[in-house]
Amino acid sequence: MTVDMWKKVPVREQDPKVRATNFNEVCLGYNKEEAEAEAQRCLNCKNPFCVQGCPVSINIPAFIQKVKEGDVPGAYEIISQSSALPAVCGRVCPQESQCEGKCVRGMRGEAVSIGKLERYVADTAREMGIKPAVTAEKKGKKVAVIGSGPAGLTCAGDLARMGYDVTIFEALHKAGGVLVYGIPEFRLPKDAVVEKEIENVKALGVKIETDVVIGKSVTIDSLMKDEGYEAVFIGSGAGLPRFMHIPGEQAMGVFSANEYLTRSNLMKAFREDSRTPIMRAKKTVVVGGGNVAMDAARTALRLGSEVHIVYRRSEEELPARKEEVEHAKQEGIIFDLLTNPVEIHADENGWVKGITCIRMELGEPDASGRRSPIPVEGSEFYIECDAVIMSLGTSPNPLISSTTEGLDINRRKCIVADEENGQTSKQGVFAGGDAVTGAATVILAMGAGKAAAKGIDEYLSNL
Ligand SMILES: Cc1cc2nc3c(=O)[nH]c(=O)nc-3n(C[C@H](O)[C@H](O)[C@H](O)COP(=O)(O)OP(=O)(O)OC[C@H]3O[C@@H](n4cnc5c(N)ncnc54)[C@H](O)[C@@H]3O)c2cc1C
């Protein structure tokens, strides 16, 4: 295979017309020949900026070197020293703004396709039956982890490797956090990928107890006082959806993206044999422009709906990953940009029948640095639709903070924790991921889980 050193080896994908009608994975990944060809493009820099761009500091040039040599087990060993979820990260990380955003190759041509190579290594290692190595001697100390999303899984995996006796408590009936209830099957297969990486974490000795809501069935204080846990990590995410509080938002057929996606992903409502119902609308308006909005829109499309994304800024400000926006467009999602909803209308039975929107223009940059949208007077218009999905961001659920004595939260209801080691205001309690930052990314949550694992080890070693 000839390699153009300036361009990525293209990755195979399902045809947009075909994939818009199914829930199978969109991206098909590299095969051996393609991966080894792409690996040739890595310059193996002495001072690798890509590693600085990775929140879990994977030794990227070293694993790519192993791919070049055809040594997948070697590449996997290098990655798994830093990441418990490489097949997940290879699929959903915003590489363009992290490792690949710093790649020296990318200064004049296209960056090395680090994410696709990571995915290739993780998938191939899984097919070969390779598991991460377990090493540590047992320390005889118990640590509780709340939440089984990327932050909790990473923290638990790292602590287990250090020899701690770790139990994850998860509110839902399935482990994985957003990886199982939020991100759709067509971007991140559940049984084939997420489940397998969780099994690898369990293989390190981590126990997972599902259907345990901390703050209801048991509190952090009782875990520490009565059940012998010497430290706790809170990785409970930010699962509480926001709404616009506009007239008509109570109508039937208005959903939060979280509810809609949970029905489809966790409860498999997209399958004909599922007992969980989901609305199969004729025309859906999705409000918002992030990854979650793209996922909700592409799910609605696959369930047979015409889909409009309504976003108040322009394409340039869309917070979703570029790749996701491109995929959504290819599949036929219609983008109504510089547009904001002002009222939702219901029919005589209380079901959504349409939405009034207003055109926006961009003014001066706001606190986030993005130009702020301003309504254009008199520009209201009506979109007929039978479903509206609100995807306006989420915040942490206050259940844990309100049931734990001495745990400080900030104005945004996020738990206050030290960035370096996850220490909260309460002794022995650490936190990280979306519960601390608000809705962010998988890899940042993993980075926080790693930092907290180190912090917990230091704390327990000095007890
Ligand atoms: C639809 C969607 C798409 C996304 N797409 C991307 C993407 O493409 N790339 C990317 O990098 N990021 C993406 N994100 C963001 C990313 O998934 C999150 O930033 C990440 O999952 C946060 O990890 P976490 O471990 O902090 O929390 P979560 O993944 O939210 O996990 C928290 C877990 O804690 C559990 N929990 C909560 N409260 C309790 C309690 N009281 N007791 C016990 N358990 C509890 C929850 O049930 C959940 O399982 C997306 C998010 C969503 C919603």
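1. The shell around the ligand draws at least three residues from each of domain 2 (142-239 + 395-461) and domain 3 (243-392); the domain bounds come from an automatic or database domain assignment. This is a predicted model, in which local features need pLDDT of at least 70, side-chain atom pairs count only at pLDDT 80 or more, and totals for chains, interfaces and linings use all residues. Residues are numbered from 1 along each chain as its sequence is written, and side-chain values use heavy atoms, with hydrogens and water left out.

2. There are 34 residues around the ligand, and Val 92, Glu 170, Arg 187, Ile 214 and Asp 434 come nearest. A residue counts as near if one of its heavy atoms lies within 4 Å of the molecule.

3. Polar contacts (pairs of N or O atoms within 3.5 Å) deserve attention. A polar side-chain atom of Arg 187 lies 2.8 Å from a ligand oxygen atom. Polar backbone atoms also take part: one of Ile 214 is 2.9 Å from a ligand nitrogen atom, and one of Asp 434 is 2.9 Å from a ligand oxygen atom.

4. How many disulfides are there? The count is 0, a disulfide being a pair of cysteine sulfur atoms within 2.5 Å. The sulfur of Cys 42 is 6.5 Å from the closest cysteine sulfur, in Cys 45, and is therefore too far for a bond.

5. Cys 42 counts as buried, at 13% relative accessibility, and Cys 50 is buried with a relative accessible area of 10%. Buried means under 20% relative accessible area (1.4 Å probe, protein chains only).

Note on methods:
A polar contact is a pair of N or O atoms within 3.5 Å; within protein, one must be able to donate a hydrogen and the other to accept it, and residues adjacent in sequence count only if both atoms are side-chain atoms. Buried means under 20% relative accessible area, exposed over 50%, partly exposed in between (1.4 Å probe, protein chains only).
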